[in-house]
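Here's a quick walk through the inside of a protein model. Have a look at the fold before reading on.

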Amino acid sequence: MPRKAIDITVPDLSGKRAVVTGASDGIGLGLATRLAAAGAEVLLPVRNPRKGEAAITTIRRTTPHANVSLRDLDLSSLASVAALGKNLCEEGQPIHILINNAGVMTPPDRQTTTDGFELQLGTNHLGHVALTAHLLPLLRAGHARVISQISVAANRGAINWDDLNWERSYDGMKAYSQSKIAFGLFGLELDRRSRAHGWGITSNLSHPGVAPTNLLAARPELGRAQDTSGRRLIRALSERGILLGTVESAKLPALYAATSPSAGHGLFYGPSGLGHLGSAPGEQKLYSRLRSVEDAQRIWRISEELTDVSFPND
């Protein structure tokens, strides 16, 4: 039996400026496509210009006059993040939507960013923290919605406070979970601080459930020569409509959090189906690892120190 299509209504976004990381393929490309179709100007910060141009071609197949453009960004380099922030601030246009979606998952061997951080911590969490800080004036000007894309992996594991960079031991899945827990705590603390200091920013979390995205696909640069067995299983179950989501449904929680008039402040959105693995988006109970305000404040301070950025107190 064919799977019933799941979708949401996106309001008119004409006059809005959106930034989506990781938009050259997968969920990010789906998000950028929907935002552009709703009338937003969409910026695609990418590391690979060739993939970025292909993404723009894809978007314009369905929305020929889409207002989309590329920017250079390598989230594993704080200098690259700072350069993008500087360039956008010089452009001076308010940002109304920021979806921090890009990520890497489970390199088989420990790798590091340009700045020496464990790759998943540095890319999934610290790079996005720095980007949000550099763009804060534009986010405040646009009364932006900031969406932190986390994962079901944030519901297991823990932050390895004594060895955040996994220098003494390395477990790819545990390091991935840590990066998503840290990023979820940051997203919630961003909303609390926005309220406390009157920044005018709404910050929510989203997760895509489980779907056959490219996170576990072959990535030779990560030391993964072929798709993982997990991705092959996920793809098979998704194609049969068994429990899991699709790439199309996986983008909906972040899209809802970023655009729906019904989305709130400091909330968590994900698939509403069994096990929250697929189906239509809905508000969800925070994972236990994301509930500690003290942990959120601690990771906020550490992240500012590691990235050499600071958020204002007013």
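Predicted model: local features only at pLDDT ≥ 70, side-chain atom pairs only at ≥ 80, totals over all residues.

How many nonpolar, polar and charged residues are in the lining of the largest cavity?

| Class | Lining residues |
|---|---|
| Nonpolar | four residues |
| Polar | five residues |

Numbering runs from 1 along each chain as its sequence is written, and side-chain values use heavy atoms, leaving out hydrogens and water.

The largest cavity has a volume of about 30 Å³. A cavity here is a set of points on a 1 Å grid over the protein atoms alone where a 1.4 Å probe fits but cannot get out; lining residues have an atom within 4 Å of a point. Points are joined across faces, edges and corners, and the volume is the space filled by probe spheres set on them. Among the lining residues are Leu-75, Thr-113, Asp-115 and Phe-117.

Helix H4 (residues 119-134) gives the most to that lining, with three residues; helices are DSSP runs (H or I, at least four residues), numbered from the N terminus. Because 15 of its 16 residues are buried, H4 is largely enclosed by the rest of the structure. Buried means under 20% relative accessible area (1.4 Å probe, protein chains only). Buried residues make up 56% of the 314 in the chain.

How values were computed: 1 Å grid on protein atoms, 1.4 Å probe; cavity = no way out; pocket = protein on both sides within 12 Å on 5 of 7 lines; lining within 4 Å. Helix = DSSP H or I, 4+ residues; strand = E, 2+ residues; numbered from the N terminus. Nonpolar A, V, L, I, M, F, W, Y, C, P; charged D, E, K, R; others polar. Buried < 20%, exposed > 50% of the residue type's maximum accessible area, 1.4 Å probe, protein only.
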